[in-house]
Amino acid sequence: MAARSLEYQIRDASIRVVNWNNLRRMDWMIIGCVLLLALAGFLTLYSACRSMEIELLYRQIGGFLIGTVLAVCLTAVDYRFLVSFAPLAYGISVLLLLAVELTGYMAGGSERWLELGPIRIQPSEMTKLVMVFMLTWYFHVLGRRIRKLHWFILTFVIVGVPTLLILAQPNLGTAATMAPLTLAMLWVAGCRMWHLAAVVLVGLSIFPVVYLEMKDFDPEAAPFGTVTDNPEAKVNPKSMLGLKDYQKKRIYAFLHPDYDPKGSGWHTTQSKITIGSGGLSGKGYLQGTQTRLNYLPEHHTDFIFSLLGEEQGFIGVCIVIALFAAFLFRGLMFARDCPEMQGTLLATGIVTVLAFHIFVNIAVTVGVMPVTGIPLPFLSYGRSFYITVMACVGVLLSIPARPHMRFVHRKGVS
Amino acid sequence: MDSEKEPNRYEGVSTRVQLLALAIALALTLLCARFWQLQIVNMHEYAVMARDNQVWEKRLPSDRGLIFGRNGEVLADNRASADIVFVPGECPEEQREHVVQRLEALLKVPADSILSRMQATRGAPFQQVVVKRDVVKEDRVRVEEHSAELPGVLVVVAPQRRYLYGETGGQILGFLGEISSELDEWKPMGYRMGDIVGKGGIERVYEHDLRGQDGYAVVTKYASGRPEIRTDRRGLPVVSPRDSQGHELREEAARRNPVSGEELYLTIDMGLQKACEDILRGEVGAIVVLNADTGGVLALASMPTYDPNVFVTRDPNCEHSDTLENCERLNLLRAPEPNPMFSRAYRENYPPGSVFKVLLAAAALEEGIIDEHSTFFCPGKFQINGAGRAWHCWRRSGHGSVNVREALAYSCDVFFYNVGLRLGVDKINEWSHKMGLGVKTGIDLPGENPALIPSPEWKAELFASKPVWDQKWYPGDTVNLSIGQGSAAATPLQCAVLTAAIVNGGYRIQPHLNVELDPKESARLLSEKTIEIVQAGMLQCVEKQSPAPTGTGKAAYIEGMKIMGKTGSAQVMSLKHHEQFANEEDIPYEFRDHAWFVAGVLDRSPRISVCILVEHGHHGSSAAAPLAKDVIEYFYREDPTPPVLARLDGTPQ
């Protein structure tokens, strides 16, 4: 099947792999949003690092520049050409994930990184983007056949293999990204509504299972499998879902915020204090006391948005969320208006992944979700993640920039 | 350009994308609502929590007030206990090794132990690493001289309580300990967990005067690291400029400096106290010396005693906690009888024995039962109608016909059996309470024992569960009470107060240790006449030249002084029992009588009253009276030399 679709794409006369003219047709709204968010990110990161770790800011700017070059290159490339390589990329990333598993197994611990000579790569991070391409390719090839149940189920097999490998690392946050991505792309690909509804229902049924799982969990007790001589010693029961003890502790701390405010709940409590004390207009740039006195943990990575909330207040928070919203909605407009399915699916996938990151990260800082370790695009410190995000932006920009594929404006379609 | 050219676009795809957009919009709106809740609705709550996070009230400890004796001698003070500490963060990395080696050479502390302690606090480079605790002055000077080549080495001074006379007066001064059950009650006064407070004696009673006002420094509080205390040039505590993690601290508000506690002046004569303790050494007992006119306590000795310095520690968790001193402290607290922590002078009661006759004589004279000429015949024993037994006089051959003066001088029991019966138990009780027996004297020391003068009501209550004939008060009980036996009990301090009333002309005094505390003005209890008669009897008791037979207290006689006294031998068990033993020395120690002697000096200033009790000392005349002579001689000696300090505790003065 793969050979046939490749054949089809190559026969398409309009494919021109690299077309620098695409750059002239870039969408200025996306670019504006990205630049403003990047600027906000640098300023916030400066406040978070101050003079002590100023090189973090330089590294972040370096990541932004590398990412910009990559985004420009990706804009010039026809995304359909990239999609045609998706099965290959998928295969490679599954192999890399397996390699991570193996090296981790050999080293006798859990591993997320893979050493390849001088470079260290984190296959789970790039798997997110690869999955967007893979599902685009798969749904494009299927077309309307996605309405058939067996093809629908096959989607979950495709997604499931790398997801399980990532879960096994264990990396719950990245694995969780796969769920909204798959669901959103299935939805836009045109699956049967009741198929999707059934999946969502099955998904929701996880909550009672989590409840049962957490019911007997005691954060003070020894982890499952601990062997003690003391018959009185409490040992946690075996996990049905295979959750590790530290993950259960996080869920427990989320469900019981008063438990151990200096431990797992400490992050959430301090983050809420940080945000809440900002008030309407914030304490002023570089005036955040919670950060200066190190109360806010991870204040340059996962909790950087709390710092923004403290220094810029409700107004600043709303402006940044509005910028994110503008970016995401513009991306979805590409999806809606792209005249062919691959572009629609690609844009949907990219927007969903980014939206999921934005939502979960901010929800963690305000204490409505348990701490998951998902970074915030454009703001959190992390060079490889920044580059990934910029690559997403590049791919997104290339969708409306394709020649002869301009926006099909509403009025044009009728 | 046209959508129909695109075979893969199905109808309704744009609707589905729009619904997806709607879902994202909903999620983001939800987040904004949550921010509204945190930042607008609950803002103040979180602002307070953030402010609480920011500042730290670091306490600067104050000095405890000094305690002085009657002659201005310092009884308790605070010595400067200096610790040599090293702050690794203030020393350049490459010099640390060298500094540690220099410290080893200067202070004789093994470098390994310093390095291992530095290793333990590696995460907090600005935490003070104690090199040597409580150093002597030479060590301190040596370190200060070499301070240029010892970056990061500091001398931190903290006050430490010192009782300069050691065990002399130890029970009076009391001791310090960590606050415990008092905390709840004292919290409004600014006490906190871990405070060192007075746990006994004067330290306890005057805790709130002696305690100073702690100072505060309000400094920045970081999520990790704690502020450390240092000493400035004047020796006052200050907060060091960096906390244990090396964060720079800023004083966020004006500092309040600590204020030392009030000075306390006692009536105690430390020389006399020491003399009394030396006189008693080897015995178990107590000596009380009161200023008979004011009630000021000149000495309140009780043996065995203890040295309150063993309770002195700055920090209960300090590395000294396993030292010998600490074992000593535990041994003290769990000591078997005779417990040195327990002052026999005012917390233990004994049958007053013949000392009680002083009260009985005074009461009978006041009530008009007898006058100075009334006589009773003493045949050596006494019988009352209906009682199946006889009460003996201590002198089996009897005293013949005696009046009240002679009865006091020779301690005739039969005379007082008669007086007691005529006076009646109710009057005896009334006068006992008036003169300070059976009630608390009101001394400013904790845990005073009120002792007991039995009454019919008391007996009925005590034997409430027994047959009715056991509850009844019999005339025989009154007879027993008349000579201070039976259930009667008094503390040596109470007996001294009783004697003081005879000395000062009939006023009951309130004994007190603090000179600021004025004794209550009380009405005169005894008439001039009564005082004259009782004094005459008690003088005759001590008088040597008196016609034979001589008084029982002649061992206390001092040439040229008007000393009055009364002996007492309080039976621990009945006389009959004593008769089993041919020799007095054969009686086992715990069955021997307690020896009492009360004395008063009438012709010197200040007039004093003395009470001596020697547990199981046999006879007041032989075991207690000679001690009174020593005490009185010491107090009125020609050349009052100041007493020698018990110990200096390592630091030169």
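Residues are numbered from 1 along each chain as its sequence is written, and chains are lettered from A, with ligands numbered from 1, in the order in which they are written. As the model is predicted, local features need pLDDT of at least 70 and side-chain atom pairs count only at pLDDT 80 or more, while totals for chains, interfaces and linings use all residues.

**Exercise 1. Work out how α12(B) sits against α15(B) and against α14(B).**

Solution. Helices here are DSSP runs of H or I with at least four residues, strands are E runs of at least two, and both are numbered from the N terminus. Axes are lines fitted to C-alpha atoms, for helices over the stretch in contact, with angles from 0 to 180 degrees between N-to-C directions.

- Step 1: the axes of α12 (356-367) and α15 (425-435) of chain B come within 10 Å and cross at roughly 110 degrees. Roughly perpendicular covers 65 to 115 degrees, under 35 is roughly parallel, over 145 roughly antiparallel, and the rest oblique, so α12(B) and α15(B) are roughly perpendicular.
- Step 2: on the α12(B) side, the residues in contact (C-beta atoms, placed from the backbone, within 7 Å) include B:Leu359 and B:Ala363, and on the α15(B) side B:Ile428 and B:Trp431.
- Step 3: now take α14 (413-423) of chain B, whose axis comes within 10 Å of that of α12(B) and crosses at roughly 50 degrees. That makes this pair oblique.
- Step 4: B:Leu360, B:Ala363 and B:Glu367 are among the α12(B) residues that meet α14(B), and these three also take part in the contact with α15(B).

**Exercise 2. Describe the side of chain A that touches chain B.**

Solution. 

- Step 1: the contact takes 46 residues from chain A and 38 from chain B.
- Step 2: α14(A) gives the largest share of the chain A side, twelve residues.
- Step 3: by class, that side has 27 nonpolar, 15 polar and four charged residues. Nonpolar means Ala, Val, Leu, Ile, Met, Phe, Trp, Tyr, Cys and Pro; charged means Asp, Glu, Lys and Arg; the others, Gly among them, are polar.

**Exercise 3. Check the span of α3(A) and list its buried residues.**

Solution. 

- Step 1: α3 (54-76) of chain A has 23 residues and reaches 34 Å from first to last C-alpha, close to the expected 33 Å, which is 1.5 Å times one less than its number of residues.
- Step 2: its buried residues are A:Leu57, A:Gln60, A:Gly63, A:Phe64, A:Gly67, A:Ala71, A:Leu74 and A:Thr75. Buried means 20 or more other C-beta atoms, placed from the backbone, within 10 Å of a residue's own; exposed means 12 or fewer, and partly exposed is in between.
- Step 3: their cover includes α2 (28-49) and α16 (383-398) of chain A.

Terms used:
Two residues are in contact if their C-beta atoms, placed from the backbone, lie within 7 Å.
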